[in-house]
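Subject: the two-chain model, handed over

Hi! Here is the structure I promised to pass on. Have a look at it first, and then read my notes below.

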There are 2 protein chains.
Amino acid sequence: MNVRIGKRTQHFRTVTFHAGTNRVVLVEHRLLPHRFGLIETADFRETARAIKDMIVRGAGAIGATAAYEVAQGARAFRGRDLSNFSRHVERVCQTLREARPTAVDPVNAMDEVRRAMRAGKTVEERQAIAVAAAEEFANEDVRHCEAIGKHGAKLIRDGLRVLTHCNAGWLAFVDIGSATAPLYAAQARGRKFHVFCDETRPRCQGATLTAWEFAQQGISHEVIADNAAGWLMARGEIDLVIVGSDRTLGRTGEVANKIGTYTKAVLAHRHGIPFYVAIPLSTIDWKIRSGRDIPIEERNASEVLGAWGTDGRGRREYVRVANPTSGARNPGFDVTPPELITGIITPKGIFRPHELRAKRALLQDRS
Amino acid sequence: MNVRIGKRTQHFRTVTFHAGTNRVVLVEHRLLPHRFGLIETADFRETARAIKDMIVRGAGAIGATAAYEVAQGARAFRGRDLSNFSRHVERVCQTLREARPTAVDPVNAMDEVRRAMRAGKTVEERQAIAVAAAEEFANEDVRHCEAIGKHGAKLIRDGLRVLTHCNAGWLAFVDIGSATAPLYAAQARGRKFHVFCDETRPRCQGATLTAWEFAQQGISHEVIADNAAGWLMARGEIDLVIVGSDRTLGRTGEVANKIGTYTKAVLAHRHGIPFYVAIPLSTIDWKIRSGRDIPIEERNASEVLGAWGTDGRGRREYVRVANPTSGARNPGFDVTPPELITGIITPKGIFRPHELRAKRALLQDRS
């Protein structure tokens, strides 16, 4: 999406590959929202480390980064021996597997690139295929987000006041984002609307990343404390809610997403406000049979007990907010039941949560 | 309540008066939770400034501080002439009125002390009455909180898991607090329970003040992000909610309180969890006829866009969290309708919200 640099507006993807220098180019997430910058990784080890150190984050973005990492690593091989090449590619993949052992997207991306490479008969052919497959992986992510935008834009009427939670924006994907896609598409169609960004404690991805995206894109928005959404709904100041999802159960329509999503769904339901979840196909889980079986990560208490920001001199700093002798609970995600969800916006259309099951063949077809 | 100082535990009131030195002694709220300290004000101007600068905050606490300020000012008068004395007392009261022009408690407290003083026939008598009336004002605040505790303690069974929002603790009163009173009373009866403190963004009074109180009192507790309460309820980890109130409408049973209270009430209602509001009699408003007419303060956006805490060297610091080019909405309070409230815990007993109206005579009797 667009970033304002001085007086110019320039388009960026979160992740790209520069074939000439064999470098992966990443938006440096850790500097945002206070500074925008790119970093280039010189080899596959640096790319894997960028994933590990969360220089890049978000399912779609780390998937594409992983795909490029395999291509980058494969192209660094010198020689013609196919079995030496295969051993080298295995080392490249192993480095990646160790970067974020629990994340599923990098592994899927890597497998896809490796599978494609098998069609090549020489090292050179396989290297070329790897780049093409990685580009295709990233392009597919963009196409799916565009399709979410196309379907979701119908919901964004002129004058609408929308609530978002956390960041499911272009920074978390290669471009466009999931929950933000309908908004960017509606903006492209000339519609005017306003977005309230939940700050999304404890990590504040709404106040930092989503608000930054909207500021860059010129979308009218305000940050609110998570406590304020209910009251704004009661006063009739919110018309629609759109969130993303970390995992959506295809069998039941239950949605796991950032902590606080469930609360916003309960509030929206009480006030008769439509509540939508925008998802790429890769986040649909067809295996798990009940939301109770979704593992909910309990994260570090320090996130709740303090906050990261910049001090008066522009330095990144963590301040301890809470009483120093108190502890905290910090569940990272919650699960929203299907009866609170108006619709799920997918690249294949908008469905009621309980319809996903019947649409399995369509939703598993990634073409 | 108790404060741990080194290995000892010592009892403090938020506000006391030292007759020998004619000084008001205040818990310095602005240092908490990172340091506990008292300050003494040398004259009525300093006391008024302590209210203005929010060294002391909370309806009960600033009421008692105002009562003592009048006594302190009256006793500083030298002479026997009653009309000179009256002019002096008027100056004392005017200084106070200018300290926090919108707060009602200091004005009520001041009027009460002045009314009592009229019974004195000499300057000396009136000075003595002023001290006695101020002490009585503070003691009444304590007795009312004790009575809230006595009625509310019945709700706190062994093993209960309680949710609180913001700070309606002893720091906001002279002692004991309103929402905390049932908990302290249950603890005194030997009951064991656990409290989740909503951090209460944007000002985080739950994470700072309430958590500090519980740590000092040895009450088992954990801080949670405001986003987490709904999920803990859904998992069956919260049994009861108790909050305070800034203004409760006697005619309708509507409760205005810190932003986010309404959200917790909606969530509790969905999960069949009892939701109680603890209030001193002074916060009941018998005039306003509808919650829609309660003025809701829109506070400074900087509260939402950043956070106050202590840095690694223990210095108080504000960090900007949100995207620097984004603004914020910041309603300070919300209004919870009576149908979401299980009961209102008053010094005179626990009532359903719609019962307040019929109990007006009882609730206006401050004896």
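At roughly what angle do the axes of helix 6 and helix 7 of chain B cross? Helix 6 (residues 181–188) and helix 7 (residues 205–217) of chain B have axes that come within 12 Å and cross at roughly 10°. That makes helix 6 of chain B roughly parallel to helix 7 of chain B (angles under 35 degrees count as roughly parallel, over 145 as roughly antiparallel, 65 to 115 as roughly perpendicular and the rest as oblique). Helix 6 of chain B brings B:Leu183, B:Tyr184 and B:Gln187 to the contact, and helix 7 of chain B brings B:Glu213, B:Phe214 and B:Gln217 (contact means heavy atoms within 4.5 Å).

Some ground rules before the rest. This is a predicted model, where local features need pLDDT of at least 70, side-chain atom pairs count only at pLDDT 80 or more, and totals for chains, interfaces and linings use all residues. Residues are numbered from 1 along each chain as its sequence is written, chains are lettered from A and ligands numbered from 1 in the order in which they are written, and side-chain values use heavy atoms, with hydrogens and water left out. Helices (H or I, at least four residues) and strands (E, at least two) are DSSP runs, numbered from the N terminus. Axes are lines fitted to C-alpha atoms, for helices over the stretch in contact, and angles run from 0 to 180 degrees between N-to-C directions.

Now to a sheet in chain B. It is open, with 3 strands in the order 3-4-5 and antiparallel pairing (two strands pair if DSSP finds at least two bridges between them). Strand 3 (15–18) and strand 5 (38–41) of chain B are the edge strands, each pairing on one side only. Between strand 3 and strand 4 (residues 23–27) of chain B there are 4 bridges, and B:His18 has B:Arg23 as its bridge partner. Helix 2 (residues 59–75) of chain B lies across strands 3, 4 and 5 of chain B, at about 15° to strand 3.

Chain A has an open sheet of 7 strands, ordered 8-7-6-9-12-18-19, with mixed pairing. Strand 8 (221–224) and strand 19 (349–351) of chain A each have a single partner strand, so one side of each is left without a neighbour in the sheet. Strand 7 (residues 194–198) and strand 8 of chain A run parallel, joined by 4 bridges. Helix 7 (residues 205–217) of chain A lies across strand 6 (161–164), strand 7 and strand 8 of chain A, at about 160° to strand 7.

How much area do chain B and chain A bury between them? The value is about 4900 Å², 58% of it on carbon and sulfur atoms (buried area is the accessible area, with a 1.4 Å probe, that two parts lose on being put together, summed over both). Each chain's share of the contact is 65 residues from chain B and 65 residues from chain A. The rule finds 6 salt bridges across this interface (a side-chain nitrogen of Lys or Arg within 4 Å of a carboxyl oxygen of Asp or Glu). One of the salt bridges in the model joins B:Arg270 and A:Glu339, at 3.6 Å from N to O.

Most residues other than glycine have a negative phi, and most peptide bonds are trans. The bond from A:Leu32 to A:Pro33 is cis, with omega near 5°. A:Met54 has a positive phi of about 60° although it is not a glycine.
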